[in-house]
Amino acid sequence: MLATVYGDVHDIGKNLVKTILSNNGYEVIDLGKQVPAETIISKAVEVNADAIGLSALLVSTSKQMPLVINELQRRGLKFPVLIGGAAINERFGRRILCTDADELYAPGVFYCKDAFEGLAAMEALSDPETRAAALQKIKEESEFEFSRSFSSTPAEVNTKKSTVSPAPFIPQPAQWGVHVVQQMPLEAVFKHLAKNDLFRLSWGAKNTHGEEWVKLLAEYEARLAAMCKQAIAEKWLNPRGVYGFWPAQVEGEDLLVYDPATLKAAKPSVLAKFHFPRQKAQENLSLADYFMPVESGKMDTVAFQVVTVGQAATDRFDRLQAAGDYSEAYFTHGLAVQTAEAAADYLHEHVRREMGIPAGQGKRYSWGYPAIPELEDHTRVFQLLPAEKELGMHLTSAYQMVPEQSTVAIIIHHPEAKYFNTGESRVEQLMKG
Ligand code: B12
């Protein structure tokens with residue numbers, strides 16, 4: 001039995017699946033990251049694979065999944081497809097079983113919540129009886145999914161605007177424009193580590209409780225202390241960042257970011273425009289509501305930041321993985337991931353200080369999260385901030401950042417700023433062209 005697995009810039013989910021399947025007797029051919037559909041399909045044909053596995057971290061990269069399935073259907077190929085990753089869910093799996101030609105993809109599309117569901121799907125596919133039952137189940141689920149969406153009545157659309165009041169005070173940065181942090185002090189960044197997320201989410205202790213947790217916690221604390229020391233000595237975590245401040249105002253749901261050099265002009269020139277969707281219900285919020293509108297005549301301040309822990313973390317992970325040291329690779333990845341978050345928090349704190357606002361005021365929002373679900377505006381931030389030139393970063397065609405352990409955010413100083421959901425479901429977002 002054999003499976004081909006592909007991942008996008010993100011690798012950890014794919015690697016876990018590969019490890020679990022290989023340990024259970026499956027031969028897995030890893031086609032790497034950001035692999036075109038054509039490569040996946042031709043390899044599956046070449047080796048006569050028993051199944052194809054697709055993994056993606058983001059909505060933008062998950063949209064490749066239906067393309068692969070449509071292409072398999074168009075060519076009359078018969079590979080079952082296993083799909084997984086943080087941005088997708090079971091409903092998406094049921095949706096994409098139905099191809100663009102309005103036919104169900106007969107070999108099956110199996111959404112797998114985790115690597116063990118991947119293993120269970122492969123096991124089910126290897127016996128004709130269990131295979132038929134598994135296919136019947138997903139077919140029924142897909143039919144249910146479509147019947148459900150057709151019969152559902154559209155949510156009442158509320159066109160009101162929110163009632164956010166203007167910020168009582170507009171902070172002024174000491175200097176407009178771009179700032180570069182070539183090297184953040186790692187010891188200081190580590191102070192921002194969310195240890196609970198590191199241990200529970202990234203190091204897998206989610207379901208450990210009681211005595212067992214107490215024991216594991218001590219073990220993880222010791223491991224963390226040793227890894228931090230080693231990362232400082234061997235320089236495999238290099239948090240760096242670019243950030244900047246711009247004058248800004250809103251027009252409807254659009255944030256206009258002005259060139260500071262033209263502030264004295266009757267009409268300052270717009271460097272970039274960001275659109276922020278509005279909630280159709282609840283409080284009718286849009287991130288635009290936290291800024292001064294053009295008609296107020298008052299100029300507001302916006303900040304953006306990009307941070308990365310650098311390529312060395314990914315290289316270390318790849319080296320350990322290639323050497324078969326899966327455990328150390330896993331812990332390395334987890335620490336790198338959480339150090340990226342810690343670096344973002346560290347820089348955000350710095351930005352707050354430069355704006356002269358207290359710790360805790362305002363919020364940091366990243367594209368791809370529920371208040372700003374689409375990733376396209378990464379390109380606009382990359383035009384404002386020299387992440388490519390100064391940090392050696394780039395964006396893929398799906399707006400993912402390379403190196404992998406990086407994040408980008410807009411920083412809003414408004415004291416009432418809070419996290420909210422625009423109301424678009426993940427499936428709606430995934431099914432958009
Ligand atoms: C850690 C994390 C990060 C880290 C590291 C990311 C990384 N490369 O690993 C950092 C901080 C760098 C990060 C950055 C970003 N992130 Co992030 N991140 C997460 C988080 C919290 C966990 C992801 C993770 O590592 N999980 C652990 C691994 C092991 O799980 P997994 O990949 O899901 O894989 C398992 C299963 O899904 C399954 N599986 C996966 N693939 C396959 C394939 C097959 C065949 C099978 C059988 C099973 C299977 O099995 C695996 C093992 O059990 C998720 C939210 C979440 N709770 O999942 C958000 C999440 C993935 N991030 C998200 C976003 C938006 C981003 C950013 C775009 C934010 C930004 N604008 O800066 C960036 C993008 C980074 C980039 N390089 O472009 C969104 C993606 C949704 C979307 N809208 O696209 C998520 C879902 C959060 C959310 N909004 O809910 N992120």
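**Backbone exceptions and helix packing in a predicted chain**

Good morning. I begin with D102, which counts as exposed because 6 C-beta neighbours lie inside 10 Å of it, and the limit for that class is 12 or fewer. Please bear in mind throughout that this is a predicted model. D102 is found in the loop between α5, residues 90-96, and β5, residues 109-111. Although D102 is not a glycine, its phi is positive, at about 65°. As background, most residues other than glycine have a negative phi, and most peptide bonds are trans.

N284 also has a positive phi without being a glycine, the value being near 55°. N284 belongs to the loop that runs between β9, residues 270-275, and β10, residues 300-308. With 17 C-beta neighbours inside 10 Å, N284 is classed as partly exposed. On the subject of peptide bonds, the one joining V402 and P403 is cis, with omega at about 0°. P403 sits in the loop between β13, residues 401-402, and β14, residues 406-412.

Let me now turn to the chain as a whole. It holds 15 helices and 14 strands. The radius of gyration is 24 Å, close to the 22 Å that the globule rule gives for 433 residues, so the chain is as compact as a globular protein of that length. The C-alpha trace spans about 75 × 55 × 45 Å along its principal axes. Of the 433 residues, 41% count as buried. If we take contacts between residues at least 6 apart in sequence, 75% of them join residues at least 24 apart.

Q34 is in the loop between β2, residues 27-33, and α2. Q34 is partly exposed, with 17 C-beta neighbours inside 10 Å.

Next, helix α10, residues 210-234. How far does α10 reach from its first C-alpha to its last? The span is 35 Å over 25 residues, close to the 36 Å expected at 1.5 Å a residue. Of those 25 residues the number buried is two, so α10 lies largely in the open. K235 follows α10 and has a positive phi, near 55°.

Two packed helices are described by the angle between their axes and the distance between the axes.

The contact involves A313, R316, F317, L320 and Q321 on α11, and Y326, E328, A329, T332, H333 and A336 on α12.

Helix α12 also meets α9, residues 195-202, where the axes come within 10 Å and cross at roughly 145°. Here α9 passes α12 in a right-handed crossing. The contact is formed by D197, L198 and S202 of α9 together with G334, L335, V337 and Q338 of α12.

Finally, α2, residues 37-47, and α4, residues 64-74, have axes that come within 10 Å and cross at roughly 45°. That angle makes α2 oblique to α4. The crossing is right-handed. On the α2 side the contact is made by A37, I40 and I41, and on the α4 side by Q64, L67, V68, E71 and L72.

Thank you.

Terms used. Residues numbered from 1 in each chain as written. Predicted model: local features only at pLDDT ≥ 70, side-chain atom pairs only at ≥ 80, totals over all residues. Helix = DSSP H or I, 4+ residues; strand = E, 2+ residues; numbered from the N terminus. Rg over C-alpha atoms; globule rule 2.2 N^0.38 Å. Buried ≥ 20, exposed ≤ 12 C-beta atoms within 10 Å, placed from the backbone. Contact = placed C-beta atoms within 7 Å. Expected span 1.5 Å × (residues − 1). Axes fitted to C-alpha atoms, helices over the stretch in contact; angles between N-to-C directions. Parallel < 35°, antiparallel > 145°, perpendicular 65-115°, else oblique. Left-handed = near helix turned anticlockwise from the far one by under 90°.
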